[in-house]
Amino acid sequence: MVALMLLACSGPLDEQVWLSVDDADLRLRMQGDESTGLWVVMLHGGPGGNGHEYDLGLWKDRVEEKGVLVTWDQRGQGASRGHYEGDTITLQRMADDTHAVVRYVRSRAGDQADIVLMGHSWGGTLGTAALVRTDVQDELAGWVEVDGAHDIPRLNRYALQMFVDIGSAEIDAGRNVRTWREIIDFAEGVDPDDISLDEGGQINNYAFTAEELMVEGWDDSVGLGEAFGWGVGTPVPWWAGASSGNRTSDLLLEEVEATSLTEEMHAIEVPTLLMWGAYDFVCPPQLGHDAAGVIGDSELILFEDSGHSPMDSEAQTFARVLTDWLDTI
Amino acid sequence: MLLYGLVGAVHAADVSVSSFFEAGLHPGVSLELTRPVWAHTNTRRRPATRQLAVGGRGGWVWHPGSQNLAFTGAELLYSKHKRWRWDAVLALGAARSMPIGASVNVDGTRNLAGGSWHLMPSVGLGFGGGHDLRWHVRPTVYGLSRWNAGMSPWIAVEAGLSWSL
């Protein structure tokens, strides 16, 4: 009787903690239904993003109906804080942080819980690094990579090819000719086997420009009031978050631009869902095809009307595919 | 002909109580106590008083879902008072950030050492009016260091009242 009363009184989990990991306090927010035993740990994009960016949208609501969604701010980003030297910021350090977060979630959720790691964009780089370079797989029931950047050298080459292939077709169709001409001229002027940091940055800029030309649609499940509340509810003002995040991004830039994890992905043994936008010029879908070819237990889903963020541009389909897959865990 | 001179005795101290809205949104309070060390009033038809004061400040701000921040420090305040009052404040002090939510270790145990100390320089430029009871609005930029691997910039708007003792 008492147990039933407690169950009736207990609503969805909404808890925030600060996880101490090697001179950093990482902000974790856990929301959803903890009775199901499913916990999804989200790795945000960037570097320089934050967990709050993923605290809105249909997919989030659906995941929180299935279990608990854990959003967190990575070291040096969002509201996470600490005292450490810049030269300690490395991909391995961030991967170890990811492992630490999952270990904390394990201690919080219990031995029987199923923990799924999910990463978007840079979160795909970080999640892949954690999977192949730490023991985090021992704690995981699955891995979801959404438009991830697990191989930057390949990413840059694929993006250049997409600029030319899709841009040429668009010019032939008479659409946005001037902008595509500019993008193609740039792409044809870059040596794909010797891409500088500046050229990598420019590829990223043009990737977002190209996506704007090809992709429409947004998550219309989010109302204006909800979006406003989300905006003012940010745990760190954007200028403070951007200052810290940009510094972290700069510290990681050289290492990340050379990071190529495709050849190591055969070590991923947990069930894997790969979700990619067909018009993602930022992290081209060929990266997803490469990953699917290397990871043994994997499934690749392409979103034909999406770019870098299918959770926004095809919100309904994205949420359904994700939750259907989580049901198989 | 313009005549300048030191007018009257420097009063003992000024007290200021302000709301302290971090990011213009998150509420807090700031208390300042300053002592004028120099004042000068010209004797033109519409006299203007310039004043330099030193003192200290303390305060607190609450950012829901993020942190409580308590701060204290020394400040140097320059003001010019004619019909309206303009001031500039330079401050240097310390802040204690206390995250909202439990501080935990990887194994799930509570970490009693949650929270962190930071150096907190700030600069504010204010505008106000009044004589015996004065009001002011002062946008303020402050830094927290070390915050991760560098200094983090923050913005607040102070609005409050001050009077002389």
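The C-alpha centres of domain 1 and domain 2 of chain A lie 28 Å apart, with domain bounds coming from an automatic or database domain assignment. This is a predicted model: local features need pLDDT of at least 70, side-chain atom pairs count only at pLDDT 80 or more, and totals for chains, interfaces and linings use all residues. Residues are numbered from 1 along each chain as its sequence is written, while chains are lettered from A and ligands numbered from 1 in the order in which they are written.

Colleague: Which residues make up domain 2 of chain A?

Modeller: Chain A is split into two domains. Domain 1 takes 2–152 + 217–327, and domain 2 takes 155–213.

Colleague: How many residues of domain 2 of chain A are in contact with domain 1 of chain A?

Modeller: Contact here means C-beta atoms, placed from the backbone, within 7 Å. Domain 1 of chain A brings 15 residues to this, and domain 2 of chain A brings 13.

Colleague: How are H3(A) and H4(A) placed relative to each other, parallel or perpendicular?

Modeller: Helices are DSSP runs (H or I, at least four residues), numbered from the N terminus. H3(A) and H4(A) (residues 122–133) pack with axes 8 Å apart, at about 80°; axes are lines fitted to C-alpha atoms over the stretch in contact, and angles run from 0 to 180 degrees between N-to-C directions. Angles of 65 to 115 degrees count as roughly perpendicular, under 35 as roughly parallel, over 145 as roughly antiparallel and the rest as oblique. So H3(A) and H4(A) are roughly perpendicular.

Methods. Helix = DSSP H or I, 4+ residues; strand = E, 2+ residues; numbered from the N terminus. Contact = placed C-beta atoms within 7 Å.
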